[in-house]
Amino acid sequence: MFGAADHRHMGQALRLASRGRYTSHPNPRVGCVIVNNGRVIGSGWHAMAGGPHAEIAALNACETSARGATVYVTLEPCAHQGRTPPCVDALINAGVGHVVIAMQDPNPLVAGQGEASLRNAGIKVSSGLMRDQAKSLNAGFVSRMERGRPRAVLKLAASMDGRTAMANGESKWITAPPAREDVQHLRAASSAIICGVGTVIADDPSLNVRSPAIDTGGRQPLRVVVDSRLRVPPSSRLLTLPGTTLIAGAVSDIERQQRLQQAGAQVELFPNAAKKVDLGLLMDRLAELECNDVLVETGSRLAGVFLGEGLIDELVLYLAPQLLGSNARGLVEVPGLESLADRVQLQLVDVRQVGPDLRIRARVAARDS
């Protein structure tokens, strides 16, 4: 159905889409290539919400008329009025002859309507070319649309014997600068970064993207602190930086809440029966806030709770070539694991060296019910 040239042009569209990895939030990353008589006459990608969609950018970049051209786009063109007009209307008005789509848009406002509109206008539509690659590029957006919650990645850093800090809490730095720079890319690609209040009290982190090599278009991920009793100090660094900090609490304390709000925090409560933060409700709320990808950077206990509740989709583990010994702190504390049958299974996705350290990416396998 699809030939080598089709794959080449869609591959180019996917590479263009990846340019919006740090900036297109909360919209999906989309690329578009327009070909006429075997020659690329225009291309573009969606750079930022509110800006031109990939199809519009590509049409605007066309060197010649797009009439009769073949359009390669990584996501089904939108057929509804959002921040910008429907892309299908622009394609129809341009008189294109064929639209090749990598994947259908999982957004219920689109979901097949874009394809239908194009076909109704007499335009040939082909779908499914390099679908898996397109879906992987927008895994968080797909998760939010199909599951109603963001895709969550748990970032961990440890020694080769699985230790994250010495017994006294000393942990800076286990990994080398290249690995820490790599984490900046993870942060930049995320809609939100989650940590626990213990980390804020102990380390006073920034939880922001601060690498000069990464252009986020001025966007900073939402900073989220899991803090059942609202213990975050109002003087914390993350409350003084550009962007928004959400304190996720569980126990109402008007005085503490007002102090945090006066310091610039957004405070919301997500209590469970144990008066702890209900992490499932928190993830639902982040979906409502249009978060696609969430990076979880927490201590071993909270990381274990996220894993135990099935809220983590992928792990990114940095292993440093060093040993910290049996008295050092462990990697994760997953509750309820009493036998091998209870273990959390992982599927390796990628293993590579980053500087002197090893980076392992692994998906969390579905647990048997």
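Q: In what order do the strands of the open sheet of five strands stand?
A: In this predicted model, the open sheet has the order E2-E1-E3-E4-E5, and its pairing is mixed. The edge strands are E2 (39-45) and E5 (124-127), each of which pairs on one side only. From one strand to the next, the twist averages 15°.

Q: How do strands E4 and E5 run where bridges join them, parallel or antiparallel?
A: Strands of a sheet pair through backbone hydrogen bonds, in either the parallel or the antiparallel sense. Here E4 (residues 98-101) and E5 run parallel and are joined by four bridges. Within this pair, Val 99 has Val 125 in E5 as its bridge partner.

Q: Which strands does helix H1 touch as it packs on the sheet?
A: Helix H1 (residues 4-17) touches E1 (31-36), E2, E3 (70-73) and E4, and its direction makes about 145° with that of E1. Helix H4 (residues 113-120) also packs on the sheet, touching E4 and E5, with its direction at about 150° to that of E5.

Q: How many residues lie between E15 and E16 in their hairpin?
A: Two residues lie between these strands, and Gly 355 in the turn has a positive phi of about 60°. E15 (residues 346-354) and E16 run antiparallel, joined by eight bridges; Gln 347 stands opposite Arg 363 in E16. Strand E16 (residues 357-364) also pairs with E13 (residues 314-320), in the antiparallel sense over six bridges, where Leu 319 stands opposite Leu 358.

Q: Which residues of helix H6 are buried?
A: In H6 (residues 139-147), they are Gly 140, Phe 141, Val 142, Ser 143 and Arg 144. Their cover includes helices H5 and H10 and strands E6 and E12.

Notes: Residues numbered from 1 in each chain as written. Predicted model: local features only at pLDDT ≥ 70, side-chain atom pairs only at ≥ 80, totals over all residues. Heavy atoms only, no water. Pairing = 2+ DSSP bridges. Buried < 20%, exposed > 50% of the residue type's maximum accessible area, 1.4 Å probe, protein only. Contact = heavy atoms within 4.5 Å. Axes fitted to C-alpha atoms, helices over the stretch in contact; angles between N-to-C directions.
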